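My notes follow, entry by entry.

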Amino acid sequence: MNDLQFEEQAVEDELRTFVQTLTDSETYREFVEASEALNDDSEATALLREFKQKQQELQQDEFDQSVMSELQDIKSKMANNDTIQRHRKAQEVLVELLQETNDVISEQIGREFAQSTGGGCC
């Protein structure tokens, strides 16, 4: 094994350790549990489906005040749904942890690690 292969193997080993540490974290476990609870909650999933459908209606058609009112009503119901709010909070905390991870990696390598290119390759 040459030096480059050894270094790449070391990086892969450390990456596996990092991923295992992440998946063992309380933050990640709470996100998984909240996601499972959301999937098991038929009322919450129905609200989310209805919300997405109304958003699409609003985007496809000309502005319709009745659809906008329905969307606001659904948003209010979603805000009062404990399962949806638990999932939203768990997702926010996980995204914050991943952003902090990105920041640390970026600082260590001296460049933006997970820089968004806006899609596309060129």
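**Entry 1: Ile74.** I began with the contacts of Ile74 (heavy atoms within 4.5 Å). Leaving out residues up to four places away in sequence, Ile74 touches Leu47, Glu50, Phe51 and Lys54. I found Ile74 in helix α4; helices here are DSSP runs of H or I with at least four residues, numbered from the N terminus. Ile74 has 2% relative accessibility, so it counts as buried (buried is under 20% relative accessible area, exposed over 50%, partly exposed in between, with a 1.4 Å probe and protein chains only). I also checked Leu48: its C-alpha lies 8.4 Å from that of Ile74, although 26 residues separate the two in sequence.

**Entry 2: housekeeping.** This is a predicted model, so local features need pLDDT of at least 70 and side-chain atom pairs count only at pLDDT 80 or more, while totals for chains, interfaces and linings use all residues. Residues are numbered from 1 along each chain as its sequence is written, and side-chain values use heavy atoms, with hydrogens and water left out. I looked up the pLDDT, the predictor's confidence in each residue from 0 to 100: the protein averages 90, and 94% of the residues score at least 70. Confidence is lowest in helix α1 (residues 3–24), with a mean of 92, and highest in α2, at 98.

**Entry 3: the core.** Which residues form the largest nonpolar core? I noted eight: Leu38, Ala44, Leu47, Phe51, Leu71, Ile74, Met78 and Ile84. Such a core is a set of buried Ala, Val, Leu, Ile, Met, Phe, Trp, Tyr and Cys residues joined through side-chain atoms within 4.5 Å. Helices α3 and α4 (65–79) each supply at least two residues of this core. From the side of Phe51, I see contacts with Leu71, Ile74, Lys75 and Met78, leaving aside neighbours within four places in sequence.

**Entry 4: α2 and α3.** I then turned to the axes, which are lines fitted to C-alpha atoms, for helices over the stretch in contact; angles run from 0 to 180 degrees between N-to-C directions. The axes of α2 (residues 26–40) and α3 (residues 42–60) come within 5 Å and cross at roughly 85 degrees. That makes α2 roughly perpendicular to α3 (65 to 115 degrees; under 35 is roughly parallel, over 145 roughly antiparallel and the rest oblique). Leu38, Asn39 and Asp40 of α2 make the contact with Ser42, Ala44, Thr45 and Leu48 of α3. By type, I have three nonpolar, three polar and one charged (Ala, Val, Leu, Ile, Met, Phe, Trp, Tyr, Cys and Pro count as nonpolar, Asp, Glu, Lys and Arg as charged, and the others, Gly among them, as polar).

**Entry 5: α1 and α2.** At what angle do the axes of α1 and α2 cross? I get roughly 60 degrees, with the axes coming within 5 Å. That makes α1 oblique to α2. Here Leu22, Thr23 and Asp24 in α1 meet Glu26, Tyr28 and Arg29 in α2. The residues of this contact divide into two nonpolar, one polar and three charged.

**Entry 6: two glutamines.** Gln20 is in α1, and its 44% relative accessibility makes it partly exposed. Gln99 is in α5 (residues 82–109) and counts as partly exposed at 42%.
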